[in-house]
Amino acid sequence: MTAQIPYDHQAELEDVLERCNALRQAPVPSGDALPEGYTGTLGHFPVYFPEEIAHAAGLLPVSVLGGGNKLEMKHADARMGSFVCSICRSTAELGLNGSLQSLSGFITHPICDAAKHLAGIWSRNFPEQLSQILYLPQNVNTPGAVRYVAAEYQRLRAELERKTGRSISDEALRASIRVYNENRRLLRDLYAVRRDEPWKLSCTESYLLTRARTRIPCEEHNALLGRALDAIGQRRQAAQDKPRVVFVGGFCEQPPLEMLETIDGNCYVVDDDLLVGLRWLTSDVPDAGDPVWALAESFVERSAASPVQHDARKTKEGYLMEMISSSRADGAVLTAAKFCEPGLDEQVAWSKHLDQLRVPYLVLEFEEKMTSFEQMGMQVETFAESLLFTLA
Amino acid sequence: MTTATLENAPAGAPAAAPFDARAEGQRLFSDWYAALADAPARGQPVANVFVMGNAVEILRTFDFQLVFPEINSLQTGVRKASEEYIRVSEDYGMSPDVCSYVKADVGLILKEQHHPAGQIPKADIAIASNMCSTFIKWAEIWERMLNTPAFVLDLPGQRGGNWQVRPGDAQHAADARWVEAQFRDLIEKCERITGKRFDMDRLAEVEDRVNRMVYHWNNVMQLNRVCPAPYNAMLDGLTYIGIMNVYRGTTEGVEFMRRLEDEIRGKVARGEGRVAQERFRLLFSGTPCYVSMRRLIELFETWGGVFAYSDYLTFAAGGMDAGELVYDTSRPLESLAEITALAAQRGLSNQFFAHERLAQQVRDYDVDGIVFHGIKSCRFVSSGMADTRDYLNRRLQVPSLYIESDLIDPRYWSDAQIKNRVDAFFESLHQQGGGAPLAPKTVAAEAGRAA
Ligand code: SF4
Ligand code: SF4
């Protein structure tokens, strides 16, 4: 009989977070490193991609999120203008330096023009990969949008079938939907902790936990999140005197981890739009009936919001205010990636709106390749102090 | 498909009076700006539209006065007032790193719609397609600052390299069905705004006029395949596409294009080129720099270099020269959706796979090189440009020049630097044996006979 090892929730959480951080920097798996049951990987660019379709095709969906601040740019500077955002440039670099050569395909979306151009760069440089734009609609309000999205998903399904030589049955799609529904539930739980007991889970930790899905099968991510949530539930950390804020501007290009840590050091980030594409569908996708229709309908009817999706039902100011009020935040950190046109436009609109409503906010611009955070640290500290002062 | 339009369109008939396209273009533009200023007094509904994917045919059916905010912005550049408008918007908070057209327009809003060309009316609706994603962000600014409702027209674009859509195939049918659904939705909105019932016959009439304009426009484009090129695509061509946009679907537009074609045919027949001694035929890829366009052209023309074609003439005129784009006026709405979807793929969103069409156009226009004009303002044209250039250099050995400035922000124009680069480009073309001095290529006699 073996002695029972006492459960150390803190060690367990640290273990999970360490794995997540390793995954953040991990290369795209290929060959023998592919998880069992997968024949290849399908890269996709932010924001949203219906991973279920790739999952059901036996292709591991891999979010391509740029190169972070450790990547040396050797090729992309000559291929993309200096005025293009970092995530596009470093994604091109990852392609050109061979880091993404094992992908079976790379799919981007009409979120902005720089992102659409990545499909062209891919088709010129990596013609062996399936490089496409998945034309998700910018008009989700006209009757017929669901039908259009379903047709676009069917097209993707057929492309992946051709690429893998394997048909994707409705049943396989429904099974994938169920796995992702579980994931959506777990991620909602994670964000509920942030909202209700932010001292138990920092924004950086939650980001790492979420981001892990970009390199491993969803089933494995579910298990990882389950372990993390158990351990977080047992964390006994006392609440500190920090203001509650929401973070916006992380929907596409990834802010450096150090930036999130800097904000965590001074504030409780009780909601954010980091990796919002991985959490795009806000409730369960029906797992009965036509699975492609179910995914399409969820995209149109039950989805999140971002600066790169127009939807007359959700104004940008409206969803920011909804984030602030539902998370009972005291203020907002309005960020934008340098050279990100949609993000920069929104930052102006948001700040004007918060001015009108007298909601305190801090404006920050970031670049994935940033390495110095001292000045940002001072700005955040001053902002947090002023918030606490107003709240006192 | 209706062919009556094409059969009836006179080709090559001599114009009654000499036609000065530039002067006539200016007159039409002044008329248009005057009509803008008067629209509120007339009680005419107003629509903001962009040049790529705009449903103008439907709006004209409802008698909307059209405002082209991109043209307003570029006109601030042409009239040397853009910096002031841009500064006002940057003071308001707009980032230096976004499209300068948007910034000039925000400046215009902050200046209570006072434009150097006249007062710009506020719109009752804005149509923003997804062809350039900035259109949508721009329309959202009007939603906020002017309470103008935005209708986003979602056009499924070219999905990948070598993406061939043929009229009537399953993909085209599916895409057109979605576009048609949106047109029906838009029509309902227009009915509510104007209080008028939609009139299908009027739509057919507008389409017939567009067909005729496009017929002449295609011929005008084709005629520049001749050596020497009768016009400069990046100077004269800018007036032409201005008319293609602003007067699309009008009798004035048809007449302008008809007379323009006649005039250019006459030049071709006489062997008259835009430059006295055409030594280099070039293709311009990108957007103009409206603040310094004459200067830029001068830098090229002094070397005998003429822009025989520019992709700007295709995408900034709605992609209508991209082939087979003729409305079937016997089924106006369905045809409008089908052609709009095709134009989106063949003439607009193919910008993201620019190497394909540029490779073709290099052959069609028999050019000696490509000039790429990259600008921070416009990621729609610029983001993939350096890579496209690299590809064309490597695969097709097409000589090219890359220069950078801006559409309308004079702060990005560096005269000495651009002149140096242009001169060095021509020196290298000479060294490569291109364009022998004072030895213009022979006129391709058959070119310009458009099908
Ligand atoms: S960061 Fe902004 S500009 Fe860059 S790809 Fe994403 S949405 Fe486009
Ligand atoms: S980004 Fe380019 S195409 Fe888009 S609005 Fe600006 S200038 Fe026009």
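User: Buried area is the accessible area (1.4 Å probe) that two parts lose on being put together, summed over both. So how much do chain B and chain A bury between them?

Analyst: This is a predicted model: local features need pLDDT of at least 70, side-chain atom pairs count only at pLDDT 80 or more, and totals for chains, interfaces and linings use all residues. Residues are numbered from 1 along each chain as written, chains are lettered from A and ligands numbered from 1 in the order written, and side-chain values use heavy atoms, leaving out hydrogens and water. The contact (heavy atoms within 4.5 Å) takes 59 residues from chain B and 49 residues from chain A. Carbon and sulfur atoms carry 53% of the buried area, which comes to about 4,400 Å².

User: Which residue forms a salt bridge with A:Arg79?

Analyst: The interface of chain B and chain A has 10 salt bridges, each a side-chain nitrogen of Lys or Arg within 4 Å of a carboxyl oxygen of Asp or Glu. For A:Arg79, the closest N and O atoms are 2.8 Å apart, and the partner is B:Asp387.

User: Which residue around ligand 1 is charged?

Analyst: The shell (a heavy atom within 4 Å) has 11 nonpolar, no polar and one charged residues. A:Phe45 and A:Cys85 are among its members. Asp, Glu, Lys and Arg count as charged, so that leaves A:Glu253.
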